[in-house]
Amino acid sequence: MASKAWWAGAAIYQVYVRSFADGNGDGIGDLTGLRSRLPYLARLGVDAVWVTPWYPSPMADGGYDVADYRAIDPVFGTLAEAEKLIEEAHSVGIRVIIDVVPNHCSTEHAWFRAALAAGPGSPERARFVFRDGIGDGEQPPNGWESIFGGPAWTRVHDGQWYLHLFDPGQPDFDWHNPDVRAEFEDVLRFWLDRGVDGIRIDSAAVLIKDFGLAHPECYTDRDGIHEIYRGWRRVADAYPGDRALIGELWLPDHERFAAYLRPDELHTAFNFQFLSSAWDAAALRSCVDATLAAHAPVDANATWVLSNHDVTRHVTRYGRDDTTFAFGGKLFGAPTDLALGTRRARAAALLAMALPGGVYVYQGEELGLPEVETEIPNHLRQDPFYRRSGYTDPGRDGCRVPIPWAGTAPPFGFSPPDAAADPWLPQPPSWAAYTAAAEDGDPESMLTLYRTALRIRRSHPALGAGGIRWRPERAERAPAGSDAELAFDRDPGFACVANLSTRPIDLPPHEEVILASIPLEDGRLPVDAVVWLKT
Ligand code: GLC
Ligand code: CA
């Protein structure tokens, strides 16, 4: 039986801290702002918040370039304030997950500066991946490309090159080095000692590099990585309470993915297959089946993710002809039917929240925010993806626009009324309709749907961790009927039905309707809708 620990069926809210709430009026979200919004999160009904990196950072990649893993960037607040945040969140029943970035640090990190100063062959350099170039040393050591585009190597003053799978401001650690291993276990302890309930592990599958191979994936999912997480698990297990280790694992193979969730490794991981899937009954069904089948042998709990700070917001994705997500295949500016996307997003939320395991909510998805695409002027884009791709990939700024809280014009309550600066990315004027205040109390709003669904999900004994039983396809029951429905039961007495066909469908026998993503039509479930039933 998979775990019943808090995270097993939790609803976890992702706070992208720079864009959540600005307490001091400099246009950048911070811990004061986040603390002031804890009552909102408590009322929303989430079990935990995951806060993206808050450490001192030159912000070459929005804070995923860490200069000091044991401190808070002054733009966000202080360590004392982070401690207060953890305490205040706990007092309203919300757990706190922090983001640890083990693959790389910042070029401003003390170790990297020491490595530059110490020179080739030094123990300081051995904590990173420094190599001599080829040819006259003028060519990078190999042809690897950075995930953000361009070469994955940058040359330093004495001619050596260092590896950075992401931005040049993010040098990769060498995870064969014992200093690196010991340092990160100590970083984990530093935060676990401060009461955090979980660690989200950034880029968790790329720590070990295999230079013997020419294959492009020779840095992803190498076998040697599991030993690292066994060590992390021993650290987490030494603490009281259930401290969760959560992997950011973009791996296409469900079994390779599940190997990270063996009982002595990570507790859970993000299900990006679900996020990437088309809005299509067969595709979603096979994703659910493959997910559950892969988790079962390792006795782990699945998660369901629709959006995060790296991907096109799903209201926009679902409003397009092609509803899938792929890095490199972004459909920036493609025709989008936002009404359709919103309707499907409502349905997807109820589907995700009904499936067994944990569910993630990315800030703003509960308001139904669309991706901001052409409305961000190019000169304001900050994501290194944009620059490094030679301006061919718009980057990820469009899902990171500061949250609209209230009012009819920017900054929509994101910053205080007397703010000295505009929000760090511009908010579209049309967001007046998407503020938390505008949606509060509106029975048809996305916010009301999320609040209602999360409340039910929390108290209903069938929801959260557990199992499902698919109902026979409608096509099997009545061959002339629709074949694009997803319907499953959960015990006790719960059924979820999703209509992804092209016409309304009859509901199966039930005692009562618990919640529907949009109103039923003459007792039938409309197209692109999901209903929860008491059976
Ligand atoms: C992860 C983060 C992403 C970041 C990258 C490098 O994928 O989610 O935002 O750019 O790692 O740290
Ligand atoms: Ca601020």
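Trainee: Which residue has a polar side-chain atom 2.6 Å from an oxygen atom of ligand 1?
Mentor: D61 does. A polar contact here is a pair of N or O atoms within 3.5 Å; within protein, one must be able to donate a hydrogen and the other to accept it, and residues adjacent in sequence count only if both atoms are side-chain atoms.

Trainee: Before we go on, what kind of model is this?
Mentor: It is a predicted model, where local features need pLDDT of at least 70 and side-chain atom pairs pLDDT 80 or more, while totals for chains, interfaces and linings use all residues. Residues are numbered from 1 along each chain as its sequence is written, chains are lettered from A and ligands numbered from 1 in the order written, and side-chain values use heavy atoms, without hydrogens and water.

Trainee: Back to ligand 1. How far is the side chain of H104 from it?
Mentor: An N or O atom of the H104 side chain is 2.9 Å from a ligand 1 oxygen. For S203 the corresponding distance is 3.0 Å.

Trainee: And which residues come nearest to ligand 1?
Mentor: D61, D202, E248, H309 and D310, out of 14 residues around it (a heavy atom within 4 Å).

Trainee: New topic. What holds the calcium ion, ligand 2?
Mentor: Its protein donors are D22 (OD), N24 (OD1), D26 (OD), I28 (O) and D30 (OD), at 2.3 to 2.4 Å. Donors are N, O and S atoms within 2.8 Å of the metal, or 3.2 Å for Na, K and Ca; water is not among the atoms, so sites may look incomplete.

Trainee: How are those donor residues spaced in sequence?
Mentor: The pattern is D-x1-N-x1-D-x1-I-x1-D.

Trainee: Is N24 buried or exposed?
Mentor: N24 is exposed, at 53% relative accessible area, and D26 is partly exposed at 29%. Buried means under 20%, exposed over 50%, partly exposed in between, with a 1.4 Å probe and protein chains only.

Trainee: Why is strand β3 called largely enclosed?
Mentor: Because five of its six residues (95-100) are buried. Strands are DSSP runs of E, at least two residues, and helices are H or I runs, at least four, numbered from the N terminus.

Trainee: Which way do β2 and β3 run, parallel or antiparallel?
Mentor: Parallel, with four bridges joining β2 (residues 48-51) to β3; strands pair if DSSP finds at least two bridges between them. V49 stands opposite V96 in β3.

Trainee: What about β7?
Mentor: Four bridges join β3 to β7 (residues 198-201), also running parallel. I201 in β7 is the bridge partner of V100.
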